[in-house]
Amino acid sequence: MRLISSLAGRSPPLCNLTTQNVGTDSRKAVSFGGEESMGLWDAQIDAANSMAAGGRWPEAIEAYAKVLAMGGSGYRLHFHYGVSLLRCGNIPHGHDQLLEALKYRPNSLEALDSLVSANLKLGNALSAEETCRVILADHPDYHPALNNLGAALIHQGRIPEGLKAMQHCLALAPGDTVTRDNLLMSLNFVATDGLDLVDAHRFACADLPCAPRMPATDTTGRRIRVGYISNDFRSHSVAFFLSGIIGTHDRGAFEVFCYSTNHGSDWMTGNFSRMTEHFVNISACSDTEAARLIQADQIDILVDLGGHAQGNRLGIFAQCPAPIQATYLGYPATTGCSFIDYRLVDTHTDPEGAEAFSTEQLVRLPAPFLCYYPHPDCPEVAPLPALATGYITFGSFNTLPKLSDTTLDLWTRVLGECPDSRMLLKSEHFSEEAVRAHFQSRFSRRGIHPSRITLMGHIPNTLQHLATYGSIDIALDSFPYNGTTTTCEALWMGVPVISLVGNLHAARVGYTLLSAVGLEGLATTSADEFVSLAATFADDAAQLSLLRKRLRTVVANSPLCDRFRLTRGLEDAYRSMLVPSG
């Protein structure tokens, strides 16, 4: 089946793997009010609701908490408090408040929707699926639940089922931008045909409104104004690739603006705020309001850092608030949007000929196209675990949707070649027993006994998460959607990664990362060689142990961690965009 068929029938306007309704899409209005005031605390709740409706989420959370502390209760309080907590990233507490709200109104559609959002963010994909099916049993054409069902299935690795649910959703609501983004994002987990993938993106975004372009202004004699729009100026994997860039820009030549679309903040948000001259939170702004603000800042080049990923604000770019607009880093494919002019890549991820797979003009940075900024408190590299266990442990910490049937077939061959080996897989979605059982069955059907596979769920502490690499001897990459953060983390923790290289950007990121640290020999275009490389390494514990001891130093001194090199290349790319072609 061609990917384009997944977008069936009608071409939907605007579009990630996110959930529908409250707590996820900052542009979707939530109803605050509309109920007759009957309770003792209604005036205070109404005041808090007004704060939330105005985008003042932290203030609203404080107000709701005060009412709760004074003995307040009831559906309105728990529901709106839960929604506000989700908006600001406190997912566990928001989840609990929504459960309290449902005690008062078990069939509340808005509360059930929000609970699905919370469960997906917590990695409880099966629970999210079950709630969606409860909703759809009574409301079979309720398209937000179909979108959420698709996301829940994708998060369990059930990609074909998830795509089908999203396709159904778009048939019911062809203008649903959240589902469009979900579907496009999900296609990257299975896509191997570049022309097919670009067609799907172009088709999905064909009807997007595009405002008249801003005229370019002369930058001679002044600093170039660059604006970055991201949902990830926070403790998020993307942030560890942004940090080096934002803090390294030449302040004499560039004036940097960071526009955050995330309601919450944390220590990493504070770091970004200190790194840049202009840190502006636009999470409460509509697309039009944000575009006007950016236009007033007279941005020369506006850079999207999300593509169709969660929390994107492509609608701002559709307003064309800057004369030059580019996309970078946060999405592994073309956006398909006519109002995005450039896509920043490198020669390894997008070699000559890759222009055919992109609606944007490709601008190639010095490889690699990103710079890894390790966590400042990373644990030390652990000794090779095989020296203690007596067997090789392969592993992957890639998110479950990346573990395609192609990936499992490949890994099964590796385990077959190394009959005494084990495999450790870690993903937040393995927190649910039923998801683990389903995934184990996928290996069992391939002849791998469950005793050889260890599945780990989410570890909230970053340092403990990184320390878990101390249980892996060799990391195996996923295909056709390679790891990025996981590959960088593995290398930093002394674990070599073997990667299968494909034709598309998502399937070539492993190649550019490994090449940057001098391990390009571990990236291969042949499935047979992938298996052979894994088996050869597994037979040489001495070489693995030596590499493990040296790898962090090699990575630290490689182009992968050279933020100055990458940022200078990025700045050169921006200058080239300002020079009219022809």
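Colleague: What volume does the second largest cavity have?

Modeller: About 80 Å³. Before we go on: this is a predicted model, where local features need pLDDT of at least 70, side-chain atom pairs count only at pLDDT 80 or more, and totals for chains, interfaces and linings use all residues. Residues are numbered from 1 along each chain as its sequence is written, and side-chain values use heavy atoms, with hydrogens and water left out.

Colleague: How is a cavity found?

Modeller: Rolling a probe the size of a water molecule over the atoms shows where empty space is left. Here, a cavity is a set of points on a 1 Å grid over the protein atoms alone where a 1.4 Å probe fits but cannot get out, and lining residues have an atom within 4 Å of a point. Grid points are joined across faces, edges and corners, and the volume is the space filled by probe spheres set on the points.

Colleague: Which residues are closest to the centre of the second largest cavity?

Modeller: Of its 13 lining residues, those are Ser 396, Phe 397, Ala 475, Thr 486 and Ala 490. Helix H19 (485-492) gives the largest share of that lining, three residues. Helices (H or I, at least four residues) and strands (E, at least two) are DSSP runs, numbered from the N terminus.

Colleague: And how much space lies in the largest cavity?

Modeller: About 110 Å³. Its lining has 14 residues, with Leu 197, Ala 333, Phe 357, Leu 504 and His 505 nearest the centre. Helix H10 (residues 194-204) supplies the largest share, three residues.

Colleague: How do I read a sheet?

Modeller: Strands of a sheet pair through backbone hydrogen bonds, either parallel or antiparallel. Two strands count as paired if DSSP finds at least two bridges between them. In this model six strands form an open sheet in the order S10-S9-S8-S11-S12-S13, with parallel pairing. The edge strands, S10 (453-456) and S13 (523-524), each pair on one side only. S8 and S11 are joined by two bridges, and Phe 394 has Ile 474 in S11 as its bridge partner.

Colleague: Is Asn 124 buried or exposed?

Modeller: Buried means under 20% relative accessible area, exposed over 50%, and partly exposed in between (1.4 Å probe, protein chains only). Asn 124 has 18%, so it's buried. You'll find Asn 124 in the loop between helix H5 (109-121) and helix H6 (125-138). Not counting residues up to four places away in sequence, Asn 124 touches Asn 119 and Glu 432; contact means heavy atoms within 4.5 Å.

Conventions. 1 Å grid on protein atoms, 1.4 Å probe; cavity = no way out; pocket = protein on both sides within 12 Å on 5 of 7 lines; lining within 4 Å.
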